[in-house]
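Colleague: I am new to reading protein models. Could you walk me through one, feature by feature?

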Amino acid sequence: QVQLVESGGGSVQAGGSLRLSCAASGHTYSSNCIGWFRQAPGKEREGVAAIYTGGGGGGGTYYADSVKGRFNISQDNAKNTVYLQMHSLKPEDTAMYYCAAGLYPASGGFCYTHANYWGQGTQVTVSS
């Protein structure tokens with residue numbers, strides 16, 4: 001089992017920044033990808049970013065087009081934590097943000113997530 005706990009959400013004005021954290025514990029060796037996903041009211045869940053957390057250097061990343069250049073995903077292996085630094089936030093970034101663990105696609109992309117390896121979510125609200 002992998003347990004994930006998100007934190008760092010909040011309310012900001014457009015143009016502001018937030019940093020989300022995803023702390024992983026448990027059998028983290030069973031996955032090599034941590035991803036951030038978001039879901040706004042009335043919309044489907046969508047991938048935001050992903051990072052390869054496996055060995056051999058790790059660190060490969062992937063972003064949704066809508067956040068490229070504004071968001072940055074990174075990891076702190078010593079803390080088993082993945083971060084999502086968000087800059088230049090827009091009202092359309094408002095959503096519940098979740099982190100999830102799974103497998104990193106060989107050709108890059110969002111994680112193939114395990115159904116049970118999801119955090120509880122953290123709310124991000126961006127006002128105009």
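Predicted model: local features only at pLDDT ≥ 70, side-chain atom pairs only at ≥ 80, totals over all residues.

Modeller: Start with one residue and list what it touches. Setting aside neighbours within four places in sequence, Met86 is in contact with Gly16, Ser17, Leu18, Leu20, Arg70, Phe71, Tyr97 and Val124.

Colleague: Which residues touch the most other members of the largest nonpolar core?

Modeller: The general idea comes first. In soluble globular proteins, nonpolar side chains tend to be buried together. Here the largest nonpolar core has 29 residues. Trp36, Leu84, Met86 and Tyr97 touch the most other members. Elements that give two or more residues to this core include β1 (2–7), β4 (33–39), β8 (81–86) and β9 (95–103).

Colleague: How do I read a pocket? Which residues lie nearest the centre of the largest one?

Modeller: Look at volume, then lining. The largest pocket has a volume of about 200 Å³. Its lining counts 13 residues, and Thr28, Thr53, Gln75, Asn77 and Asn80 lie nearest the centre. β3, β7 and β8 each give two or more residues to that lining. By class, the lining has 5 nonpolar, 7 polar and 1 charged residues.

Colleague: Now Thr125. Is it buried, partly exposed or exposed?

Modeller: Compare its relative accessible area with the cut-offs. Buried means under 20%, and exposed means over 50%. Thr125 has 30%, so it is partly exposed. Thr125 lies in strand β11.

Colleague: What does Thr125 touch, beyond neighbours within four places in sequence?

Modeller: Thr125 is in contact with Gly10, Ser11, Val12 and Thr94, leaving those neighbours aside. Take Gly10. Gly10 and Thr125 are 115 residues apart along the chain, yet their C-alpha atoms are separated by 6.2 Å.

Note on methods: Residues numbered from 1 in each chain as written. Heavy atoms only, no water. Core = buried A, V, L, I, M, F, W, Y, C linked by side-chain atoms within 4.5 Å. Buried < 20%, exposed > 50% of the residue type's maximum accessible area, 1.4 Å probe, protein only. Helix = DSSP H or I, 4+ residues; strand = E, 2+ residues; numbered from the N terminus. Contact = heavy atoms within 4.5 Å. 1 Å grid on protein atoms, 1.4 Å probe; cavity = no way out; pocket = protein on both sides within 12 Å on 5 of 7 lines; lining within 4 Å. Points joined across faces, edges and corners; volume = space filled by probe spheres on them. Nonpolar A, V, L, I, M, F, W, Y, C, P; charged D, E, K, R; others polar.
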